[in-house]
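Look at the structure below together with its sequence. The text then goes through it one part at a time.

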Amino acid sequence: MAEHPAVAAHHQFDDLEQQLDASTLGMWVFLVTEIMFFGGLFTAYAVYRSAYPEAFAEGSHHLDLTLGGLNTVVLIGSSLTMALAVRCAQLGSNRGAANYMIATLILGLVFLVVKAFEYHHKYVEGLIPGPNFVFDSPHARHIELMFCFYFAMTGMHALHMVVGAGLLIYFILQARANRYSPEYYGPVEVMGLYWHFVDIVWIFLFPLLYLIGHR
Amino acid sequence: MSTVSEPIAGTKVHYLNADYGIKSWLLTTDHKRIALLYLAGITFFFFIGGAFAVLMRLELVTPQGDMMQPETYNKMFTMHGVMMIFFFLIPSIPAVLGNFLVPMMIGARDLAFPKINLLSWYIAMIGGAFTLYAVVAGGVDTGWTFYTPYSSTYSNTHVIATAVGVFISGFSSILTGLNFIVTIHKMRAPGMTWFRLPLFIWAHYATSIIQVLGTPVVAITILLVGLERGFNIGIFDPELGGDPILFQHLFWFYSHPAVYIMILPGMGVISELVTCFARKKIFGYAFVAGSSVAIAVLGFLVWGHHMFVSGQSVYSGMVFSVLSFLVAIPSAIKVFNWTATLYKGSIVYMTPMLYAFGFIGLFTIGGLTGLFLATLAVDVHVHDTYFVVAHFHYIMVGGAIMAYLGGIHYWWPKISGKLYPEGWARLSAGILFIGFNLTFFPQFILGYLGMPRRYHAYPEEFQVLNVMSSAGASILGVGYLIPMIYLVWSMRYGRPSPPNPWGSAGLEWKTPSPPPTFNFDKTPVITEDPYIYSHDEEVEVG
Ligand SMILES: [Cu+2]
């Protein structure tokens, strides 16, 4: 197999199978830490949303449902292309893996650009928490709190997208250098786990932030 | 592995002489070398944190606030706590002894992710650098607990730099825990079943679970405080309807389990020391192993005992009180099992064993006084007094640091290949024990009599006890300096150690001291339980 140079396991492992097992478990444990990280935010969100339900609903109406919905579709699409990239890597098609990861990267960037537009709208409307926050409502202060959550949660999520995009670039270059084979595809699979996790976080964020009080 | 320079003819190649030069250390992926990098780093942070304690005890010699302003004193106890907890105690045993020993005890060549291991050291040092910057730039005065809204709004000190430092160092802790979990699951040598694992490994496994589950929560909490200070993201801001008590919940959700990050690895060390120097199999292996996991799980359910007087509801106070009593059970199981192991053992009073005895006694006092504090009514009386200060120093200094030093002495021949001077070591263990008790026992009485913590001045009638405490602290300081000097000395001048100077049954002793880079010349196959000792096997050196 000339196109797949033989890959040796790292020195601490006995074979590639042990190496893949270890790196997969490592990523799962890392994702558990991520769940706890976002879990802190979700907990705080739950506390305040139950304390100020009207304010959260009112604030939610000022989020752009169309753009949020578009981004949800974009991210689910990117999860599909990522899963296809993993499949290609497992089958030894470096070209397929690279192309699907490029598609994933593009979709991820689309998401970030749309998010940036949304942030800009919020800035124009004076919905950035702080001294310049303007909102004409008896709940104005609690709505400001709701927007604190909006920016903290979506900001943290976007940060994870940026990291994911950086990682994707690295793995695309690796796939283009024909690094992967049916024996050695672990890194792409682990990358996939991370990407799906970041998508799932959005799947929770979207209804919790955009869909409150809509019927 | 990179290029290996030629060893000097006649000497055996091991991890210390396999490669030379500063680069071979700073870019190493060998878990044993990274352990030594951690040892150097955290010793530095320990002495910085200690310096603040010295200044505090100096101020407290007299009842008047005559040495420093109250604001300065606030900075002293804050920086003492931040340095000691986040940069010394949390990494201490796991990152030094755990890093060195986890792969060796399970018969692996290295941790599962050696590069991530090195990365975790750099992260810890970068976090330390941020915090040191905050110290040098003028300090921080929120207390190590960063309570809002003081930390987020009112304090005029370097909260953000400190918070960034603590936030960053948290990732080092997470990565260490992640590495241990994967290593213990996937890298065990043939025949090393879960119930043949040394108790040190069980303790580190439980610790890693806490690090992985708890640290991210404090990370996001500290981050939110930083965002509130810097960018008006006022999640805990009462003006927007935010709840400062929520901060306390999130903070203690990590910071109570963090106590077990500090003490569980110490318990693992003690299990190794007690069996080796009593020449006996551990009494109740499964219970000692299981109690580590039980502590990790229960430890996550008791955080509210820090908030009995913070305005949480009486009913949650009652639940947290009961749960806090429950967590004492697995700790007590360990103490009883160690004691039962000693019973009819052939006890050898070498330095590591002296530390183990110190640990068992002091941890018991610290643990039992913890039950006082878990009792709602008593806590209202002694909350935020020196009683609490004494209690947690018995756990963290009397427990965790005694275990750390005991472990450092026990494994020193393995780490350095040299024997430490036993006479000096016993002397300093004695000095430490006396200094420790003189420092902290009077604080129980002070707290019971009503002296609040975190004040730079106090009524005259408390002076005698405070002078005792300060005198004890100076003895304690000497007790820390002596081992530091003779251990460094022994690296160069100490007698060479045989592979297994203590006649220990542990797997890590079945390879040369110091070990070769990949720990074992060939992967060991494990055929028996741990702690197989017979009474007639003698300690080789003495
Ligand atoms: Cu606690």
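Is B:Ser24 buried or exposed? With a relative accessible area of 13%, B:Ser24 is buried; buried means under 20% relative accessible area, exposed over 50%, and partly exposed in between, with a 1.4 Å probe and protein chains only.

The model is predicted, so local features need pLDDT of at least 70 and side-chain atom pairs count only at pLDDT 80 or more, while totals for chains, interfaces and linings use all residues. Residues are numbered from 1 along each chain as its sequence is written, chains are lettered from A and ligands numbered from 1 in the order in which they are written, and side-chain values use heavy atoms, with hydrogens and water left out.

B:Ser24 belongs to helix H1 (residues 22–26) of chain B. Helices (H or I, at least four residues) and strands (E, at least two) are DSSP runs, numbered from the N terminus. The side chain of B:Ser24 reaches the backbone oxygen of B:Gly21 at 2.8 Å. Leaving aside residues up to four places away in sequence, B:Ser24 touches B:Asp19 and B:Arg33, where contact means heavy atoms within 4.5 Å.

Chain B also holds a metal site. Three residues coordinate the copper ion at 1.7 to 2.0 Å: B:His256 through ND1, B:His305 through NE2 and B:His306 through NE2. Donors are N, O and S atoms within 2.8 Å of the metal (3.2 Å for Na, K and Ca); water is not among the atoms, so sites may look incomplete. Along the chain, the donors follow the spacing H-x48-H-H. B:His256 lies in helix H8 (residues 244–278) of chain B and B:His306 in the loop between helix H9 (285–298) and helix H10 (314–342), so the pair ties together parts that are 50 residues apart in sequence. B:His256 is buried at 7% relative accessibility, whereas B:His306, at 21%, is partly exposed.

The last part is the interface between the chains. Chain A gives 34 residues to the contact and chain B gives 37. The size of an interface is often given as the accessible area lost when the parts come together. Here the buried area (accessible area, 1.4 Å probe, that two parts lose on being put together, summed over both) is about 3000 Å², and carbon and sulfur atoms give 74% of that.

Between chain A and chain B there are 3 salt bridges, a salt bridge being a side-chain nitrogen of Lys or Arg within 4 Å of a carboxyl oxygen of Asp or Glu. A:Asp21 forms a salt bridge with B:Lys186, with the closest N and O atoms 4.0 Å apart. On the side of chain A that touches chain B, H1(A) gives the most, with 17 residues.

Methods: Polar contact = N/O pair within 3.5 Å; in protein donor to acceptor, adjacent residues only side chain to side chain.
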